[in-house]
Amino acid sequence: MFNGNIISVDTPDNHSIFMDLFRNELETMLNRLLLAELTEFLSYDKFDVSGYNTGNSRNGYYERSLHTIFGNITIKIPRDRLGQFQNKLLTTYNQNFGNLEEMIIQLYQKGITTREIADIIEKMYGCYYSPQTISNMTQVVAEEVDAFHNRPLPSQFAVVYLDSTFITVKRGTAQKEALHVLIGITPSGEKHVIDYGIYPNKSTLAYKELLDHAKQRGLEDILLFGGDGFQGLQQACQEIFPESIRPSIYSNNLIEGWNKHLKRRISHKEQFPSIESLDTFVCTFASEYNTKFFGKIHRGFGVAFIQLQNMFGN
């Protein structure tokens, strides 16, 4: 850890936000998959000139309300002009999507590939979807990952922890990738996974890139950085935030605990099939962490709030 005077501090899930997240994404993914299925049936994309004079075309949709474990969702079932399209995903009388929900959750929590998802659907429903078709559904996941990495940040953090852990990913052959993580605590005591990045090796350059990107997203001031003594780490932090290292707060093992829970979650996987699948998995885990601690005050920060405000000059 870096030097500084030490003030000792240690550490209901927001259930509604969690349920809304999965309900909305489940609805979006199912509707995207249905549209992709109609495209595969017609053999041309929407507005594609190759569809002219084929004798059949898209003809709107009709809605159905489905009850799921996350609440009711609205499914928009697409139609073709000739009335020949019969989707494989839904059946007329089947309105229970327990197995499909498990597949969607796996998509979020396990970082599985489009090919693996296609295989899961085929096993569950006896119908085949190509990986390219499934990619229409997983696109929303890629958008969520991008949104996480680029979301605005609070302008001040009392402490930011920097650490890395190694996870096996397949790059032609299986090899260890260094997952670099930044976790911060605001002056009010809220914990945030600020960002993370996946790099071939642990490096100060990786930390500098993450910190610089955090600065571009609105982070302006940090009282203290906490690290593991990695050579060059303190200098990297000072280069991006030259005024931010000063006597402050020290809390032990916070980011180590995060890494431990992450490793426990992925203990069933020997390796991730791609960087993208690992990125998806970590994004889900980090988003859950941020939701869990949203509005919660880290132990000790309530009584230290005034002092922290003074340190920031507020």
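A residue is called buried when its relative accessible area is under 20%, exposed when over 50%, and partly exposed in between, computed with a 1.4 Å probe on protein chains only. The structure is a predicted model, in which local features need pLDDT of at least 70 and side-chain atom pairs count only at pLDDT 80 or more, while totals for chains, interfaces and linings use all residues. Residues are numbered from 1 along each chain as its sequence is written, and side-chain values use heavy atoms, with hydrogens and water left out.

**Figure 1. The aromatic pair of Phe 148 and Tyr 196.** A pair of aromatic rings is described by the distance of the centres and the angle of the planes. Rings of Phe, Tyr and Trp (its six-membered ring) pair if their centres lie within 6.5 Å; planes under 30 degrees apart count as stacked, over 60 as edge-to-face, and the rest as tilted. The whole structure contains six aromatic pairs. In one of them, Phe 148 and Tyr 196 are tilted, with 5.9 Å from centre to centre and 40° between the planes. Phe 148 belongs to helix α4 (residues 131-150) and Tyr 196 to strand β5 (residues 191-199), so the pair ties together parts that are 48 residues apart in sequence. Helices (H or I, at least four residues) and strands (E, at least two) are DSSP runs, numbered from the N terminus. Both Phe 148 and Tyr 196 are buried.

**Figure 2. Lysine side chains over phenylalanine rings.** A charge sits over a ring if NZ of Lys or CZ of Arg is within 6 Å of the ring centre and within 35 degrees of the ring normal. Lys 191 lies over the face of Phe 293, at 3.8 Å from the ring centre. The charged end of Lys 215 is placed over the ring of Phe 241, 5.2 Å from its centre.

**Figure 3. Strand β6 and its partner β3.** Two strands pair if DSSP finds at least two bridges between them. Strands β3 (residues 156-171) and β6 run parallel and are joined by five bridges. Within this pairing, Phe 157 stands opposite Ile 222 of β6. Six of the six residues of β6 (residues 221-226) are buried, so the strand is largely enclosed by the rest of the structure.

Figure 4. Val 160 is buried, at 1% relative accessibility. Contact here means heavy atoms within 4.5 Å. Leaving aside residues up to four places away in sequence, Val 160 touches Leu 182, Ile 183, Gly 184, Ile 194, Ile 222, Leu 224, Phe 225 and Gly 226. Val 160 and Ile 183 are 23 residues apart along the chain, and their C-alpha atoms are separated by 5.6 Å.

**Figure 5. The salt bridge of Arg 217 and Asp 195.** Side chains of opposite charge can pair when their charged atoms come close. A salt bridge is a side-chain nitrogen of Lys or Arg within 4 Å of a carboxyl oxygen of Asp or Glu, and the count by this rule is four. In the bridge between Arg 217 and Asp 195, the closest N and O atoms are 3.2 Å apart. The pair links distant parts of the chain, with Arg 217 in the loop between α5 (204-216) and β6 and Asp 195 in strand β5, 22 residues apart. Arg 217 is buried, with a relative accessible area of 9%, and Asp 195 is likewise buried, at 2%.

**Figure 6. Salt bridges of Lys 202 with Asp 228 and of Lys 208 with Glu 239.** The side chains of Lys 202 and Asp 228 meet at 2.5 Å, N to O. Lys 202 lies in the loop between β5 and α5 and Asp 228 in the loop between β6 and α6 (233-240), so the pair ties together parts that are 26 residues apart in sequence. Lys 202 is partly exposed, at 22%, and Asp 228 is also partly exposed, at 41%. In the other bridge, the closest N and O atoms of Glu 239 and Lys 208 are 3.1 Å apart. This pair links distant parts of the chain, namely Glu 239 in helix α6 and Lys 208 in helix α5, 31 residues apart. Glu 239 is exposed, with a relative accessible area of 53%, whereas Lys 208 is partly exposed, at 22%.

**Figure 7. The backbone at Ser 43.** Most residues other than glycine have a negative phi, and most peptide bonds are trans. Ser 43 is not a glycine, yet has a positive phi of about 70°. Ser 43 is located in the loop between α1 (15-42) and β1 (58-68), and is exposed at 63% relative accessibility.
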